Amino acid sequence: MTGPLSAGDVIGDRYEIKQYIDEGGMQFVYAAIDKLANRVVALKTPKNNSATKRFRRSAVLAAKVNHPNVAKTLDYVREGDKRYLIEELIVGADLSKALLKKTSFLDPSLVAKVFHYMAKGLAAAHHAGVIHRDLKPTNVMMVGGYSISELKITDFGIAKMAEDELVEAAEGGEQTLSTSQTAVGALPYMAPEAIDTPKLVTRAADIWSLGAMIFHLLTGQQPFGTGLRAVHKIMEAKRPEPPPFVLRNPQFSPLAGELLEMAYACMQKDPVARPTADDLVAHCGALCYTVTQRAEGVVSRVEYDAWGFITSEGRHVFFHMDSVFGPPPKLAVGDQVLFSAYAGGGAPRAYPVLRIAAQ
Ligand SMILES: Nc1ncnc2c1ncn2[C@@H]1O[C@H](COP(=O)(O)OP(=O)(O)O)[C@@H](O)[C@H]1O
Ligand SMILES: [Mg+2]
C-alpha cells in the first residue's frame, strides 16, 4: 500500500478502498468498491494543497463530458479537508505503458487510430466548453493493448495544478523539474501559450498537445525534446524534423505524411491557425488506415533479406521487408514483432509489421 489510504478504508460511507493503483505528480489513484452501485471504480485524491484547491473544479469540469473516449467522472466526495474524485475504472494501462513500453514509435495505422479516438474525445470536451490543459500519454487510458478496444482521456482540468508545479519547477530550476513528475511529463506536450501565458489558454492549447503526442507516437521522438531545454524550442515552434524512416517507405509514407502534416497544423505557434478538434475528427475519418487486431510473434525465417515468416501462436505468417515500419537494420530471425495478419494465397500475410523489444 502506498499513499494515504489503505485497503478497507471507506470514503463517504460508500467507496471501500481495494488497492493502490499508481500515482502521478498530483494525485494518488486507487481501485475502490462502490458499495451502493456494487462495482469497482477509480478513486483519486490530491497529493498537496494546490492540488486540493483545484480538485473540485476538475471534477465539475470533467463531469460535463459524456463520451466513450473520455473517462466518466462519477462522483466527488469531500470529507473534512480531504477530497476524492470517483471515476470510471479503466482496466488497462495508460498510453505510455500500453503502447510505448516495447517500442518507441508506432506504425502510421496505429497512430491514426489513437489520433482519431483522441480527437473524438477532445471534440466532445471542447463542445462542452471544457479544456483539458494537460494532454500527455499518461492521461490517456487504453484497453486491449495494441489492438486498442477502448481509449479514454482522463484528468480534465487537473492541469491547473500541473501549471502551478511547472511554474514552481521553472523558478526552482532543473533540480525541482527533475523531481516533479508532473512537470516533466507535461512539458514536452505543452503549447507555447500554455508556458508563456497560462491564464490565456484556449481549446487550441489542447490541439497543440494532441499534435505533439501524434508526432511522438509516429517518430519515437518528442517534437521539441525534454526538460527545460524544450521550453525555448517550443516557444520558437519551428517544425520538428521526423527521423528519415518515417517517410522513406512508400508503403507507409502516404499515411505517415498526412499524419505529420496534421501534427504540424496542430503545432502552429498561432493558436488561431490550428485546426479545431472537429476538423481533426473529420480529417481522421477521411484517412485510410487499418483497424485490424494486432498480434505479437517472432521472426522464424528470413530469405534474401527480402521476405520471411513470423511465427505466432502456432501460425506461420508471411511478411515482406517492405511491410516493416521502422529504421534499419532489417528484421532477422529471432526478432519480436507486432503485426496484423490478412488472408493470403497459402499463408496469411502480415501488414503492417513493427519490431518490438524482446520481453
Ligand atoms: N480511471 C482510471 N482507471 C485506472 N487507472 C487509472 C485511472 N486514472 C489514472 N489511472 C492510472 O493512475 C496513474 C497515475 O495517474 P495520475 O496521478 O493522474 O498521474 P499522471 O500525472 O502521470 O497522469 C496513471 O498513469 C494511470 O495508469
Ligand atoms: Mg493523470
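Tutor: Begin with the naming of elements: helices (H or I, at least four residues) and strands (E, at least two) are DSSP runs, numbered from the N terminus. Ala237, for example, has its place in the loop between α9 (229-236) and α10 (245-248). This is a predicted model, where local features need pLDDT of at least 70 and side-chain atom pairs count only at pLDDT 80 or more, while totals for chains, interfaces and linings use all residues. Residues are numbered from 1 along each chain as its sequence is written, chains are lettered from A and ligands numbered from 1 in the order in which they are written, and side-chain values use heavy atoms, with hydrogens and water left out.

Student: Is Ala237 buried or exposed?

Tutor: A residue is buried under 20% relative accessible area, exposed over 50%, and partly exposed in between (1.4 Å probe, protein chains only). Ala237 counts as buried because its relative accessibility is 17%. Its phi is near 55°, a positive value in a residue other than glycine.

Student: What is the phi of Ile148?

Tutor: Phi of Ile148 is near 40°, also positive in a residue that is not glycine. Ile148 sits in the loop between β8 and β9 (150-153). With a relative accessible area of 2%, Ile148 is buried.

Student: Which residue is exposed, with a relative accessible area of 82%?

Tutor: That is Ala343, which counts as exposed because its relative accessible area is 82%. Ala343 is in the loop between β14 (336-342) and β15 (349-356). From C-alpha to C-alpha, Ala343 lies 52 Å from Val77, and the two are 266 residues apart in sequence.

Student: Where is Ala306, and which residues does it touch?

Tutor: Touching, or contact, means heavy atoms within 4.5 Å. Ala306 is in the loop between β10 (295-303) and β11 (307-312). Not counting residues up to four places away in sequence, Ala306 touches His320 and Met321. Ala306 and Phe319 are 13 residues apart in sequence, and their C-alpha atoms are 8.8 Å apart in space. At 23% relative accessibility, Ala306 counts as partly exposed.

Student: How do I read a nonpolar core, and which residues touch the most other members of the largest one?

Tutor: A nonpolar core is a set of buried Ala, Val, Leu, Ile, Met, Phe, Trp, Tyr and Cys residues joined through side-chain atoms within 4.5 Å. The largest one here has 70 residues, and Leu95 and Leu99 touch the most other members. Helix α3 (residues 108-127) gives the most to this core, with 11 residues. Leu95 touches Leu100, Val114, Pro137, Val140, Met142, Met213 and Leu217, leaving out residues up to four places away in sequence.

Student: How many residues surround ligand 1?

Tutor: A residue is near a molecule if one of its heavy atoms lies within 4 Å of it; a strand is treated likewise. Ligand 1 is surrounded by 19 residues, the closest being Gln27, Glu87, Asp94, Asn139 and Asp155. Five residues of this shell are nonpolar, five polar and nine charged. In that count Ala, Val, Leu, Ile, Met, Phe, Trp, Tyr, Cys and Pro are nonpolar, Asp, Glu, Lys and Arg charged, and the others, Gly among them, polar.

Student: Which polar side-chain atoms lie 2.6 Å or 2.7 Å from an oxygen atom of ligand 1?

Tutor: A polar contact is a pair of N or O atoms within 3.5 Å; within protein, one must be able to donate a hydrogen and the other to accept it, and residues adjacent in sequence count only if both atoms are side-chain atoms. Gln27 has a polar side-chain atom 2.6 Å from an oxygen atom of ligand 1. For Asn139 the distance from a polar side-chain atom to a ligand 1 oxygen atom is 2.7 Å. An N or O atom in the side chain of Asp155 is 2.6 Å from an oxygen atom of ligand 1. Taken alone, ligand 1 exposes 550 Å², and the protein buries 94% of that. Such accessible areas come from the Shrake-Rupley method with a 1.4 Å probe; for residues, only the protein chains shown count as cover.

Student: Where is Asn139, and is it buried or exposed?

Tutor: Asn139 has its place in the loop between α3 and β8 (140-143). Asn139 is buried, at 4% relative accessibility. Its side chain reaches the backbone oxygen of Asp134 at 2.9 Å.

Student: Which peptide bonds are cis?

Tutor: One cis peptide bond joins Pro328 and Pro329, with omega about 5°. Pro329 lies in the loop between β13 (324-325) and β14. The bond from Tyr351 to Pro352 is also cis, with omega near -10°, and Pro352 lies in strand β15.
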